[in-house]
Amino acid sequence: MRIVIAGGHGQIALRLERLLAARGDEVAGIIRRDEQGDDLRAVGAEPVVLDLESASVEEVTERLRGADAAVFAAGAGPGSGTARKETVDKGAAVLFADAAVRAGVRRFVVVSSYGADPGHPGGEVFDVYLRAKGEADAYVQGLEALDWTILRPGSLTDDAGRGLVRLEAHTGRGSVPRDDVAAVLAELLDTPATAGLTLELVGGSTPVSVAVKSVAGN
């Protein structure tokens, strides 16, 4: 498959790119700065420089043409203010989804967040983040032209992946290594029967492939 990943220099995206390239997929990662390109090439991905905060839908559509799947893994990141939660976590997600529709890329996977909710209350930065992620998820869920899957990981850690997770519509709070998030994303991309599902992910006791097959109904 050819897979295009928004937020290609993110910690989860780099892990996912390595996994996909290693299994023989063609992977392109959208990044904001040229100097990030070497990190993508090191894991076997093609860097595509494009700022999703300022790009037009036509520009993003061109980068998605010919892809078999798209993954939205971009985020404003810790330390960014409320404005960038709106422009990246929500705005860039909506833009990327619209471009996927225009480019005819049906398979669309979103890296969201545990607790994402368009009705989440509060005015702190993290509250705004959860609202923005929830609004972006709701927008994607409304696009009939996409075979979407939304993944909502719990608290992310840099612990070594165990390959053992809990993946359900509702898991309860928990943490999960970024390695295991990437492994689940790779498996989701291979499992089109997970289209239309919004899933929470935390560490658990079920092997990744078994967990994905279970939610897919296999």
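**Helix packing and sheet order in a predicted model**

Helix α4 (residues 82–103) and helix α5 (residues 125–141) pack with their axes 8 Å apart and at an angle of about 10°. Residues are numbered from 1 along each chain as its sequence is written, and side-chain values use heavy atoms, without hydrogens or water.

**Contact of α4 with α5**

- On the α4 side, the contact (heavy atoms within 4.5 Å) is made by T82, K85, E86, D89, K90, A93, V94, A97 and D98.
- The α5 side contributes V125, V128, Y129, A132, K133, E135, A136, Y139 and V140.
- By class, this contact has 10 nonpolar, one polar and seven charged residues.

**Contact of α1 with α6**

- The axes of helix α1 (residues 11–22) and helix α6 (residues 178–189) come within 8 Å and cross at roughly 50°.
- In α1, the residues Q11, I12, R15, L16, L19 and L20 meet R178, D179, V181, A182, A183, L185, A186 and L189 of α6.
- The contact of α1 with α6 comprises 10 nonpolar, one polar and three charged residues.

**Sheet and the helices across it**

- An open sheet of nine strands has the order β3-β2-β1-β4-β5-β6-β10-β8-β11, with mixed pairing (two strands pair if DSSP finds at least two bridges between them).
- Its edge strands are β3 (46–49) and β11 (206–207), each of which pairs on one side only.
- Strand β4 (residues 69–72) pairs with strand β5 (residues 107–111) in the parallel sense over four bridges.
- A69 has R107 in β5 as its bridge partner.
- Helix α4 lies across β1 (2–6), β2 (26–31), β4 and β5, and runs at about 175° to β4.
- Helix α6 lies across β1, β4, β5, β6 (147–153), β8 (164–168) and β10, running at about 165° to β6.

- P192 is found in the loop between α6 and β10 (197–203).
- With a relative accessible area of 58%, P192 is exposed (over 50%, with a 1.4 Å probe and protein chains only).
- P192 and G79 are 113 residues apart along the chain, and their C-alpha atoms are separated by 35 Å.

Methods: Predicted model: local features only at pLDDT ≥ 70, side-chain atom pairs only at ≥ 80, totals over all residues. Axes fitted to C-alpha atoms, helices over the stretch in contact; angles between N-to-C directions. Helix = DSSP H or I, 4+ residues; strand = E, 2+ residues; numbered from the N terminus. Nonpolar A, V, L, I, M, F, W, Y, C, P; charged D, E, K, R; others polar. Buried < 20%, exposed > 50% of the residue type's maximum accessible area, 1.4 Å probe, protein only.
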